[in-house]
Amino acid sequence: KTRSIIYKLLSTALLTPGSHKKVVKALDLFRVETGESVRFETIVQQITEEPVDPVFQASVLVFLNTLVQATPRMNDRIFYQQEIVRAGFDPDLIQRSLKDRNDDVVLRELDEWRSLYIN
C-alpha cells in the first residue's frame, strides 16, 4: 500500500511545473543506491514478480505513462521509453500476469503505454 502511494505522489509531482527534473533526479539517486544496472529496473521487477498486486501495478503504470507524457522534449520521451523497455518492461507480460482478472485500470494504462510508444 505504501509503495502505491509513493508512485501516486510521484505521478502527481510530475504534473507540477518544474518538478519533472526533480523526479528524474530522484530516480537516478534510487538507481545508484540500489545498484540498478539501468534506471527503472527495480520498478519493472516489482510489477512483474508474483504475486502480482494489481493496485500497485496500476499505480506504477500510471507513473510510467505520466513520466513519458510529462517529459517536455520528444527525444527525452523516447529515451525514457527505451530505458523502461531495457529494464525489462513488457506490456504483454504484464497483461498475461492478470490471468483471469479483468483489471480495467491496468489494461487502460497498458493501452496508454502502447499508444504513446514511439518505435
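A salt bridge is taken here to be a side-chain nitrogen of Lys or Arg within 4 Å of a carboxyl oxygen of Asp or Glu. The exercises below apply to a predicted model.

**Exercise 1.** Decide whether Asp28 and Arg39 are buried, partly exposed or exposed.

*Solution.* The step needs the cut-offs, under 20% relative accessible area for buried and over 50% for exposed, with partly exposed in between. Asp28 has 32% relative accessibility and therefore counts as partly exposed. Arg39, at 8% relative accessibility, counts as buried.

**Exercise 2.** Work through the salt bridges of Arg73 with Asp76 and of Asp92 with Arg114, and then name the residues joined into one network by shared partners.

*Solution.* Arg73 and Asp76 meet with an N to O distance of 3.8 Å, and Asp76 is partly exposed at 26% relative accessibility. For Asp92 and Arg114 the N to O distance is 2.9 Å. Since Asp92 lies in helix α6 (residues 91-97) and Arg114 in helix α7 (residues 104-116), this pair ties together parts that are 22 residues apart in sequence. Asp92 counts as partly exposed at 42% relative accessibility, and Arg114 is also partly exposed, with a relative accessible area of 30%. Finally, salt bridges that share partners join Asp28, Arg39 and Glu83 into one network.

**Exercise 3.** Describe how helices α1 and α4 are arranged, and characterise the residues of their contact.

*Solution.* Begin with the axes: those of helix α1 (residues 2-14) and helix α4 (residues 54-70) come within 9 Å and cross at roughly 20°. Because angles under 35 degrees count as roughly parallel, α1 is roughly parallel to α4. The handedness of the crossing of α1 and α4 is left-handed. The contact draws on residues of α1, including Tyr7, Leu10 and Leu14, and on residues of α4, among them Phe56, Val60, Phe63 and Leu67. Sorted by type, the residues of the contact of α1 with α4 comprise ten nonpolar, four polar and two charged.

How values were computed:
Residues are numbered from 1 along each chain as its sequence is written. This is a predicted model: local features need pLDDT of at least 70, side-chain atom pairs count only at pLDDT 80 or more; totals for chains, interfaces and linings use all residues. Side-chain values use heavy atoms; hydrogens and water are left out. Buried means under 20% relative accessible area, exposed over 50%, partly exposed in between (1.4 Å probe, protein chains only). Helices (H or I, at least four residues) and strands (E, at least two) are DSSP runs, numbered from the N terminus. Axes are lines fitted to C-alpha atoms, for helices over the stretch in contact, and angles run from 0 to 180 degrees between N-to-C directions. Angles under 35 degrees count as roughly parallel, over 145 as roughly antiparallel, 65 to 115 as roughly perpendicular and the rest as oblique. A crossing is left-handed if the near helix is turned anticlockwise from the far one by less than a right angle, and right-handed if clockwise. Contact means heavy atoms within 4.5 Å. Ala, Val, Leu, Ile, Met, Phe, Trp, Tyr, Cys and Pro count as nonpolar, Asp, Glu, Lys and Arg as charged, and the others, Gly among them, as polar.
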